[in-house]
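The following explanation is intended for a reader who meets this structure for the first time. Please keep the sequence and the model in view while reading.

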Amino acid sequence: MGAAELAERLASFLTRAAGVPVTVEGLRRLAGGASRETWLFQATVGTEAPRQLVLRRDPGPTSVDSDRAHEYRVLEAMHASGVPVPAVHWLGDDPEPLGARFFVMDYVPGETLARRLLRDAAYERARTSMTGQLGAILARIHSVDVAAHGLGFLPAPHEGRSPAAHELERYEQLYRGLAPEPHPVIELALRWLATRTPDARRRTLVHGDYRIGNVLFDVDGVRAILDWELAHQGDPMEDLGWMCVKAWRFGGALPVGGIGTREDLFAAYTAAGGGAVDPEVVHFWEVFGNMKWAVICIAQARTFLDGGVPSLELASLGRRTAEVEHELLQLMD
Amino acid sequence: MQDRPTILELLAAVREFVTHQVVPVLEGGKQFHARVAANVVGIVERELRDGDEQLRAEWMRLQPLCAEEDDDDPAEEAPPEDPVVLRAAVGALNAELAARIRQGDADTGPLRAAVLAHLRATIDDKLRIANPAYLEHGR
């Protein structure tokens with residue numbers, strides 16, 4: 001389906017959904033997002049002033065489960081809870097109108113390229129303010145009442161099971177299923193993690209991919225938290241540990257996305273009502289995060305090796321596993 | 001025997017061409033992928049140059065870590081000459097080491113220290129080929 005046909009179908013869907021005539025202009029695809037297409041367009045709803053909106057669409061009609069509906073409900077709940085996210089407006093839970101499931105949300109202007117945040121002079125104020133903002137926003141995310149917002153459908157470990165043990169089992173299974181060659185460092189990390197799994201003291205909503213690359217920012221700092229498709233219920237410390245994983249520092253020296261210290265992140269989290277942070281538990285999740293990223297690198301290279309995706313980038317990720325293994329050896333005592 | 005340029009000289013020429021002639025005239029995703037391509041050629045150059053020697057050193061380090069204490073067979077002293085056989089032998093030794101770690105043999109004690117020293121040397125060698133800048137600058 002070309003852009004012109006997509007624009008026409010989108011306009012007729014929005015006209016039916018809004019109950020007034022809607023016109024769609026300037027529809028164009030934005031870069032990035034292999035698992036989901038992102039399109040920017042200008043909509044005129046009835047007699048309102050034109051506004052910029054974003055269409056998020058599955059890559060094809062084959063995605064069976066309704067992840068879009070889940071992500072839409074999470075975004076709705078986050079917006080209602082004061083977490084900075086784009087406001088969502090319409091959900092297309094039926095693939096028929098646009099050929100795949102989709103939703104429409106506000107366009108939030110800003111930058112997502114972390115390299116610019118680290119290097120451009122224009123973002124100096126953002127660099128100093130963002131660590132505190134990220135800690136405070138995370139405290140708010142973790143305070144959202146999952147049941148009250150109807151988010152009980154989000155994946156959760158069995159009652160009484162440690163979320164850490166649950167996540168560890170998931171990634172160990174993934175690793176055993178795909179590794180094309182033995183990885184003694186990953187074996188060492190799995191042993192290290194298995195003997196240190198923290199208890200499930202507090203179970204909350206977890207973003208699941210809380211890192212600098214999923215933050216939309218401007219010169220003042222955070223504008224929106226993006227990419228909620230890995231949201232689940234679990235140990236809130238998982239998000240803090242993932243934020244500190246070295247792969248998200250883009251060459252910066254500091255552990256939080258290359259721009260901040262763990263101490264500042266934890267202090268902001270606690271000051272915003274997130275509760276006390278046990279650095280040992282976050283350290284567990286940072287080691288876990290590196291193991292998980294190593295497994296993801298192997299999985300991405302595997303999609304190349306299996307002949308499914310002829311991508312040079314995926315192929316080269318296989319050779320990046322060594323960087324993550326190096327970091328794992330540094331982190332494990 | 002083929003004439004000069006050698007394989008390494010040809011690969012260096014390809015890498016230089018992509019880096020200096022192709023990358024600057026491309027934009028966005030294509031430019032990014034051209035950079036990845038030049039980087040991959042660099043990996044191939046370094047592995048052709050140092051890969052076999054690294055494999056022999058890895059074999060030498062792995063032998064004592066995988067030897068059974070009550071093993072009556074004398075340990076082999078030199079790595080296989082044939083690079084294909086050597087590669088397969090290192091793969092098998094790594095699988096054995098992975099299994100030993102998995103069953104807890106390297107949780108504590110002298111074997112843990114020996115395994116950690118071996119893995120540090122191995123990962124450093126992998127990085128010398130995959131991304132030497134990572135070892136120098138940590139990125």
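Predicted model: local features only at pLDDT ≥ 70, side-chain atom pairs only at ≥ 80, totals over all residues.

Residues are numbered from 1 along each chain as its sequence is written, and chains are lettered from A and ligands numbered from 1 in the order in which they are written.

Chain A is divided into domain 1 (3-106) and domain 2 (114-331), with bounds that come from an automatic or database domain assignment. Taken over C-alpha atoms, the centres of these two domains of chain A are 27 Å apart. Contact between them involves 13 residues of domain 1 and 15 residues of domain 2 of chain A; two residues are in contact if their C-beta atoms, placed from the backbone, lie within 7 Å. The side of domain 1 of chain A that touches domain 2 of chain A comprises 7 nonpolar, 3 polar and 3 charged residues. Here Ala, Val, Leu, Ile, Met, Phe, Trp, Tyr, Cys and Pro count as nonpolar, Asp, Glu, Lys and Arg as charged, and the others, Gly among them, as polar.

The largest nonpolar core has 95 residues, and Ala189(A), Met291(A) and Ala294(A) touch the most other members. Such a core is a set of buried Ala, Val, Leu, Ile, Met, Phe, Trp, Tyr and Cys residues joined through C-beta atoms within 7 Å. A residue is buried if 20 or more other C-beta atoms lie within 10 Å of its own, exposed if 12 or fewer, and partly exposed in between, with C-beta atoms placed from the backbone. Helix α9 (residues 279-305) of chain A gives the most to this core, namely 13 residues. Because domain 1 (3-106) and domain 2 (114-331) of chain A both give residues to this core, it lies between them. Beyond its neighbours within four places in sequence, Met291(A) is in contact with Tyr171(A), Ile186(A), Ala189(A), Leu190(A), Leu193(A) and Leu328(A).

Helices (H or I, at least four residues) and strands (E, at least two) are DSSP runs, numbered from the N terminus. In helix α2 of chain A (residues 67-80), the buried residues include Tyr72(A), Val74(A), Leu75(A) and Met78(A). Their cover includes β4 and β5 of chain A. Just after α2(A), Gly82(A) has a positive phi of about 85°.

Where do the two chains meet? In chain A, 19 residues are in contact with 27 residues of chain B. The elements of chain A that give two or more residues to this side are α6 (184-194), α10 (312-317) and α11 (321-331). By class, the side of chain A that touches chain B has 8 nonpolar, 4 polar and 7 charged residues.

In α4(B), the buried residues include Val115(B), Leu119(B) and Ile123(B). Seen down the axis of α4(B), the buried residues fall within an arc of 155°, so they line one face of the helix; the arc is that of the directions from the helix axis to the C-beta atoms. On the other side of α4(B), Pro110(B), Ala113(B) and Ala117(B) are exposed. The buried residues of α4(B) pack against α6 and α11 of chain A, together with α2 (28-66) and α3 (83-102) of chain B.

Two loop residues complete the account. Asp94(A) lies in the loop between β4 (88-92) and β5 (102-106) of chain A, and is exposed, with 11 other C-beta atoms within 10 Å. Ala121(A), in the loop between α3 (114-119) and α4 (124-142) of chain A, counts as exposed because it has 5 C-beta neighbours inside 10 Å.

Notes:
Expected span 1.5 Å × (residues − 1).
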